[in-house]
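Please examine the sequence and the three-dimensional model shown here. The paragraphs that follow lead through the structure step by step.

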2 protein chains.
Amino acid sequence: MKNRTSREPFRDRARAEILTLALSIVAKEGLQGLQARRIAREAGCSVGSLYNIFGDLDGLVIAANVETVAALEKALLASFSATEGQPIDARLLDLALAYSRFALENLNLWRAIFAHRLPPNQDVPPSYRADQARLLSLISTIIADEISDRKLRDRAARALFAAVHGIVALAIDSKLEAFEEARMQDEVRFIVKAAAAGLKSAM
Amino acid sequence: MKNRTSREPFRDRARAEILTLALSIVAKEGLQGLQARRIAREAGCSVGSLYNIFGDLDGLVIAANVETVAALEKALLASFSATEGQPIDARLLDLALAYSRFALENLNLWRAIFAHRLPPNQDVPPSYRADQARLLSLISTIIADEISDRKLRDRAARALFAAVHGIVALAIDSKLEAFEEARMQDEVRFIVKAAAAGLKSAM
């Protein structure tokens, strides 16, 4: 490292390097591969520096999940833009299938978002909630004409997301039967079509 | 142990004792508390006997999950019987809320059903799939008048279950916002009502 480099850029670079390493470990091995000592060793820094930058291991996991949520947002935004002007059920379905594809293509990273649990009485940083809120707002925007009340609409968006997520998660983990992508898509299609058709009756 | 006791009853008793111990550990500490050496020590048997009875640790986890699924079936059957004769959406909603209550009241045991993953290319025993199928058939039975095709009906039942499960799981883990039971119930209510109203449109 050159002498004239100030402390901040070093910290930023170390942060970026550790994060890249963490993402590659999670992608290959899942969340259980993330141990502080191992990361420090592979990144060539001390465990102290690691904690100094990320607070603790949970902080590093959240930082990694922030990156995954950003990649997910990109995938969902692509669907959102591509379906503009289409009927609600078609738009919701395209978004849901984009979600299921993202999960399959980024299996361990996607799992890490949901497998990570903070100690009781701790919550994720507000910025992470804001990232999630932007994703959920894609659904809210699509159903805006059907549900005018903002609170009910946000509730519907959360419920729709969680419903599709449940189908994808149980299918990928072969929880109800051995995994088959086409079958998962059929179930996603069913719930999205049914819910879209019944949207107003549920308010 | 009395001398005249034959080998089979001993094995059955040991199996029941280990299972009770395993369930109590999972209930208190979650799946991560189940280690072979610890269980053998606390049950007063050898690790060899443990494996001899359950095959391996996965076998013990599955045996514990079979018990939890049986308790869940009891809770869901109570709802199923109590709502006979009521409209479809009311029956599905009662069943879904019974599911969410079971999850909350048996948090770690319920989590263990979904957190446990077998090594790739291994599947749970057929009897465990049959247990799950009986639970899903409660949903299939409720929607039988709406969807006459058996295959489509079973798909709808799986999708409905997974959708409700997704809402309950993300809510309990505070994944989209801090947990609030009433909010989770509102989301369950939304998806069940919407899906029930749109059931035929989705076929």
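Predicted model: local features only at pLDDT ≥ 70, side-chain atom pairs only at ≥ 80, totals over all residues.

Are B:Arg158 and A:Glu187 buried or exposed? Both residues are buried, where buried means under 20% relative accessible area, exposed over 50%, and partly exposed in between (1.4 Å probe, protein chains only). Their side chains meet in a salt bridge, with 2.8 Å from N to O; the term denotes a side-chain nitrogen of Lys or Arg within 4 Å of a carboxyl oxygen of Asp or Glu. This pair crosses between chains, from helix H8 (residues 150-172) of chain B to helix H9 of chain A.

Residues are numbered from 1 along each chain as its sequence is written, chains are lettered from A and ligands numbered from 1 in the order in which they are written, and side-chain values use heavy atoms, with hydrogens and water left out.

Consider chain A as a whole. Its secondary structure consists of nine helices and zero strands; helices (H or I, at least four residues) and strands (E, at least two) are DSSP runs, numbered from the N terminus. The C-alpha trace of chain A spans about 65 × 40 × 35 Å along its principal axes. Of the 203 residues in chain A, 49% are buried.

Within chain A, a salt bridge joins A:Asp173 and A:Arg111 at 2.4 Å, N to O. The two residues lie 62 residues apart, A:Asp173 in the loop between H8 and H9 and A:Arg111 in helix H6. A:Arg111 counts as buried because its relative accessibility is 17%. Another salt bridge pairs A:Asp123 with A:Arg129, whose closest N and O atoms are 2.8 Å apart. Here A:Asp123 is partly exposed, with a relative accessible area of 45%, whereas A:Arg129 is buried at 15%.

A:Glu73, in helix H4 (residues 57-82) of chain A, is also buried, with a relative accessible area of 16%. Apart from neighbours within four places in sequence, A:Glu73 is in contact (heavy atoms within 4.5 Å) with A:Arg134 and A:Leu135.

The next topic is the interface. Chain A and chain B each contribute 39 residues to the contact. The area buried between them is about 3,600 Å², of which carbon and sulfur atoms give 67%; buried area is the accessible area (1.4 Å probe) that two parts lose on being put together, summed over both. A:Lys175, A:Leu176 and A:Phe190 supply 20% of the area that chain A buries against chain B, more than any other three residues.

Six salt bridges are found across this interface. One of the pairs between the chains is B:Asp186 with A:Arg155, the closest N and O atoms being 3.2 Å apart. On the side of chain A that touches chain B, H8 of chain A gives the most, with twelve residues.

Finally, which residues touch the most other members of the largest nonpolar core? Of its 104 residues, these are A:Val188 and B:Val188. Such a core is a set of buried Ala, Val, Leu, Ile, Met, Phe, Trp, Tyr and Cys residues joined through side-chain atoms within 4.5 Å. Among the residues that B:Val188 touches are B:Leu93, B:Ala96 and B:Ile167. In soluble globular proteins, nonpolar side chains tend to be buried together.
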